[in-house]
Amino acid sequence: MRKLGVGVLGIGEMGKRHAENIRRLVPEAHLVGVADVAAERARQVASELEIECSYRSLEEMLDNREIECALIATPDKFHASAIQTAAAAGKDILCEKPLATTLPDAHAALEAVAKAGVRLQIGFMRRYDPAYAAAMKRIEAGEIGEPVVFKSIGRDKDAPPLAAYQSKLNGMLFYNNTIHDFDLARWLMRDEITEVHAYTTVAIRPEIQQYGDVVASVVNLNYSRGAIGNVESYVQAVYGYDVRTEIVGSKGSIFVGSLQQTPAAFLTASGSAQTLTDHYLTRFADAYLAEVRDFVHNMLNDSPPRVSGEDGLKALAVAVAAESSHLQAQPCTVTLGSR
Ligand SMILES: NC(=O)c1ccc[n+]([C@@H]2O[C@H](COP(=O)([O-])OP(=O)(O)OC[C@H]3O[C@@H](n4cnc5c(N)ncnc54)[C@H](O)[C@@H]3O)[C@@H](O)[C@H]2O)c1
């Protein structure tokens, strides 16, 4: 069987999971190497995964001719430039969300991909989650008629440490977290968002305001065909990792999401308890694996990636409009911008 040679850039929490999946659970792929500015970490992960090659930069890794595609899992701020470097080297790319943190950077990345004639997929893995995928099938089959209202909640369990805000390596809440819901909001409704109105708060952590971030937000959405929506994001739910979505249509509604990691209740004299999902790596474990398997399969079979660079751009445009709305305290139109 021909295997696709993959190199992973950025071996932090997310990149390591992708590398583990590719190494152990994607028969059509061959994990050739891993790269990280923290060269020692790259070496350590390569040793754990029993592969030979580790690098301290993307450029070094791309010199390895066995690598046919790059999986980019660096912090958000480096995505657009890494895409350009990998594209110029003629590699196909799977890049974590967001595509970029500004629209001009996103356009520059997409232009580089088009110019090089390579393929790019953006890591909106929720589309591969069995529950979301089943919801989409039913929507496409017309079971809920015309979608009218989109509602989504994305709550992380534990707030990021202050250092994460101080480093400014990742985009603010809308780019790093809500962007998953903005993608679902386009994909599940099969429509484009034209206007957003964001409300935000730093109530429980005012010190992050100086870094341009917020702890929670609600964003109202207007769609091109008349539908409406609302997305809530919160970084510190404490009780668990809570992702839920509802699509309300003219003939019914679909609800996706469960807090329970294990569908069991544990009853004792002191009360009852359930095991809750506490992290995205647990909740979306199947989705991350299905995502990378599908990407690899499509690359080997000369098929287009399932989640395109254009999808990355459109979700980013919604995040940019949400940030503008937050800064201007008024509704903002979604525009794709230019380079
Ligand atoms: N799809 C999802 O559900 C999901 C979940 C978590 C994170 N992410 C995305 O994945 C990316 C990584 O997030 P994370 O939580 O793993 O972060 P992390 O901080 O745990 O890891 C980032 C890694 O990148 C390395 N790095 C930093 N700059 C680099 C550079 N210029 N070149 C090479 N390596 C570099 C760091 O040393 C670190 O090891 C982010 O863009 C984030 O938005 C996506």
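I started with a term: two strands pair if DSSP finds at least two bridges between them. The model I worked from is a predicted one.

**Entry 1: strands**

I looked up strand S11, residues 242-249, and its partners. S11 pairs with strand S7 (residues 147-155) in the antiparallel sense, over 8 bridges. Within that pairing I picked out Ile153, whose bridge partner in S11 is Arg244.

I then turned to strand S12, residues 253-256. S12 pairs with S11, again in the antiparallel sense, over 4 bridges. For Val248 the bridge partner in S12 is Ser253. How many residues lie between S11 and S12 in the hairpin? I found 3. Gly252 sits in that turn and has a positive phi of about 155°.

**Entry 2: a pocket**

I went to the second largest pocket next. I noted its volume as about 200 Å³. The lining comes to 17 residues. Which of them lie nearest the centre? I listed Arg23, His30, Leu31, Val32 and Ile51.

I also checked which elements contribute. Helix H1 (13-25) supplies at least two residues of this lining, and so does strand S2 (29-35). I sorted the lining by class: 9 residues are nonpolar, 2 are polar and 6 are charged.

**Entry 3: salt bridges**

I searched the whole structure for salt bridges and got 25. Side chains of opposite charge can pair when their charged atoms come close.

Glu50 is in the loop between helix H2 (39-48) and strand S3 (53-55), while Arg24 is in helix H1. The two are 26 residues apart, and the pair links distant parts of the chain. Are these residues buried or exposed? Glu50 has a relative accessible area of 57%, so I logged Glu50 as exposed. Arg24 has 46%, so I logged Arg24 as partly exposed.

The second pair was Asp311 with Arg127. I read 3.6 Å from N to O. Asp311 belongs to helix H11 (residues 309-328). Arg127 is in the loop between strand S6 (120-122) and helix H6 (130-140). They are 184 residues apart in the chain. Both Asp311 and Arg127 are buried.

The N to O figure here is 2.7 Å. Arg283 lies in helix H9 (residues 280-283), and Asp129 lies in the loop between S6 and H6. I counted this as another link between distant parts of the chain, at 154 residues apart. I found Arg283 buried, and Asp129 buried too.

Asp183 lies in helix H8 (residues 173-187). Why did I log Asp183 as buried? Its relative accessible area is 1%, and buried means under 20%.

Last, I listed the contacts of Asp183, leaving aside neighbours within four places in sequence. Asp183 is in contact with Phe124, Arg127, Asp311 and Ala315.

Key:
Residues are numbered from 1 along each chain as its sequence is written. This is a predicted model: local features need pLDDT of at least 70, side-chain atom pairs count only at pLDDT 80 or more; totals for chains, interfaces and linings use all residues. Side-chain values use heavy atoms; hydrogens and water are left out. On a 1 Å grid over the protein atoms alone, a cavity is a set of points where a 1.4 Å probe fits but cannot get out, and a pocket is an open set with protein on both sides within 12 Å along at least five of seven lines; lining residues have an atom within 4 Å of a point. Grid points are joined across faces, edges and corners, and a volume is the space filled by probe spheres set on the points. Ala, Val, Leu, Ile, Met, Phe, Trp, Tyr, Cys and Pro count as nonpolar, Asp, Glu, Lys and Arg as charged, and the others, Gly among them, as polar. A salt bridge is a side-chain nitrogen of Lys or Arg within 4 Å of a carboxyl oxygen of Asp or Glu. Buried means under 20% relative accessible area, exposed over 50%, partly exposed in between (1.4 Å probe, protein chains only). Contact means heavy atoms within 4.5 Å.
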